[in-house]
Amino acid sequence: MSVHADPLNAGTHADPAPTVKPRLILTVLGLCGIVVALMQTLVVPIIPQLPSLLDASPSDTSWAITATLLAAAVITPISGRLGDMFGKKLMILASLGLVVIGSVICALAPSLIVLVIGRVLQGASVGAIPLGIAILRDVLPPKKVGGAMAVMSATLGVGGAIGLPVAAIIAQTADWHYLFVVSAILGIICMLSVYFVIPESTVRRPGRFDFIGALGLAAGLIALLLPITKGGTWGWSDPKTLGLLAASVVIFVIWGLWELRLDAPLVNLRIAARKQILFTNLASISVGFAMYGNSLSFPQLLMAPKETGYGMGLSMVAAGLALAPGGLVMMALSPVSARLSMWKGPRITLTVGGFIVGLGYAVAYFATSTVWQIVLAGMIIGAGVGLTFSSMPALIMGAVPITESAAANGLNSLMRSIGTSSSAAVVSVVLAGATIVVHDRIFPTLDMFRATFLISIIAAGATMLFAWLIPKRKAA
């Protein structure tokens, strides 16, 4: 395998090996993407039971989710840079190894602290998705890359969507530890598949690893995302919340100055500042925000008791099954997204996707009285998210050297994580703004749900704006 001579040409492409089997490679990498994305929602069905299962308070057990999100955000750009340096296949295997180790720790966890340690390792595996996208660019024939990247990018949403009902079924029919037994088995299957099927890309960007940059990025992200995710519990005016947010600004300024003075930085900020990269990453934040609004609000609508006046009274399993079609639509539209991007360009695909996401939330705003209406809204949102997610790797790959593809995709995934974390904080605050009490339990009012839909529509509109600001593709 060889790389065209000019490493700074964003259009360079590694010559595929003659034995490459595109469909098999995509199947294996897509399975890996779904499995690591599944880690994000794996414990959601048992969150209400964790306080009694682990003899801990609800605020403490929420770390089983928070720790995973933080670990995913911190490790994704770091694993991307390591993949560019030492091999993307190697780093995918390492990521899947974290799934297995983390799952075993969680399966044996006697306490909350041990469970959180395992969840951190599980969250750190999500870097496999941008690494997989970069491998596709390196090893597949050029005509196969667009569609394959679209499918791989969609696995992030698909894994979360189908993971909820699967995890709920396991949690309701077996001991909760079996959730992690299953995830460990899936991780092992993925590792074996990657080892025997995926060729190692010879595209490298050697150099010394930027340990100081990695530590600085980790510190800045923790200082930013921790108060965002825990602000509702601590209080938004609490000194911890405000202090960490202020610290994140200082850390990121210092970190940016450090990165700019290095020849081989962890994140190439000069490339990241290119308009195509910059506005694509900003769109990733807004899309992540809009997507997670659906994940937080729709399950509550479906599971709230009918006495609230709007709830459907569904079980966790039934609610998860009702929302699963949104994830399936997301995957099904990946080939459509690739064709649209080839025809009109990924910039247009991103714009159309943002519009469809907003349309889905508009449907939810006016029609939430029956289960099928929520299912329909979820499918429309899933279609829009699928288009946006699938277009972003093409926009990123079209503006970075092939030797920085994994790191650039890792940064893009990080921006999406910032969007989802911010959405979790904002939506939680809005839903708590006005409540009603039913059967001694507190539920948001329907108006608060509609307020979250309006906010998500605004986020979808921001996605369209950022897409419009991306420079148009030059005619060939």
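Modeller: S422 lies in helix α18. A helix here is a DSSP run of H or I with at least four residues, a strand is a run of E with at least two, and both are numbered from the N terminus. Two ground rules come before the details. This is a predicted model, where local features need pLDDT of at least 70, side-chain atom pairs count only at pLDDT 80 or more, and totals for chains, interfaces and linings use all residues. Residues are numbered from 1 along each chain as its sequence is written, and side-chain values use heavy atoms, with hydrogens and water left out.

Start with S422 itself. Is S422 buried or exposed? S422 is buried, at 18% relative accessible area. Buried means under 20% relative accessible area, exposed means over 50%, and partly exposed is in between; the probe is 1.4 Å and only protein chains count. Now look at what S422 touches. Set aside the neighbours within four places in sequence, and S422 has contacts with I228 and F289. Contact means heavy atoms within 4.5 Å.

Next, find G419. Helix α18 covers residues 405-431, and G419 is found there. G419 is buried, with a relative accessible area of 0%. Which residues does G419 contact, apart from neighbours within four places in sequence? They are I285, G288 and F289. Now compare sequence with space. D440 is 21 residues from G419 along the chain, and their C-alpha atoms are separated by 33 Å.

V429 also has its place in helix α18. V429 counts as partly exposed, at 39% relative accessibility.

Move on to the two strands. H439 sits in the loop between β1 (435-438) and β2 (441-444). H439 counts as exposed at 58% relative accessibility. Check its backbone too. The phi of H439 is positive, about 55°, although H439 is not a glycine. D55 also has a positive phi of about 55°, and D55 is not a glycine either. Its loop runs between α2 (50-54) and α3 (58-61). D55 is exposed, with a relative accessible area of 74%.

Another glycine is worth a stop. G320 lies in helix α14, residues 316-332. G320 is buried, at 0% relative accessible area. Leave out neighbours within four places in sequence, and G320 contacts L164 and P165. A168 is 152 residues from G320 in sequence, yet the C-alpha atoms are 7.6 Å apart.

Now step back to the whole protein. How many helices and strands are there? The protein has 19 helices and 2 strands. Its radius of gyration is 21 Å, close to the 23 Å that the globule rule gives for 476 residues, so the protein is as compact as a globular protein of that length. The radius is taken over C-alpha atoms, and the rule is 2.2 Å times the number of residues to the power 0.38. Along the principal axes, the C-alpha atoms fill a box of roughly 70 × 45 × 45 Å. Buried residues make up 56% of the 476. Take the contacts between residues at least 6 apart in sequence: 80% of them join residues at least 24 apart.

Last, look inside. A nonpolar core is a set of buried Ala, Val, Leu, Ile, Met, Phe, Trp, Tyr and Cys residues joined through side-chain atoms within 4.5 Å. The largest core has 84 residues, and L29, L115, L136, F180 and V194 touch the most other members. Helix α4 (residues 63-86) gives the largest share of this core, 11 residues. A second, separate core has 43 residues, including A290, M330, A459 and F466. Back in the largest core, L115 is one of the residues with the most partners. Beyond four places in sequence, the contacts of L115 are L50, L54, A64, C106, A109, W176 and F180.
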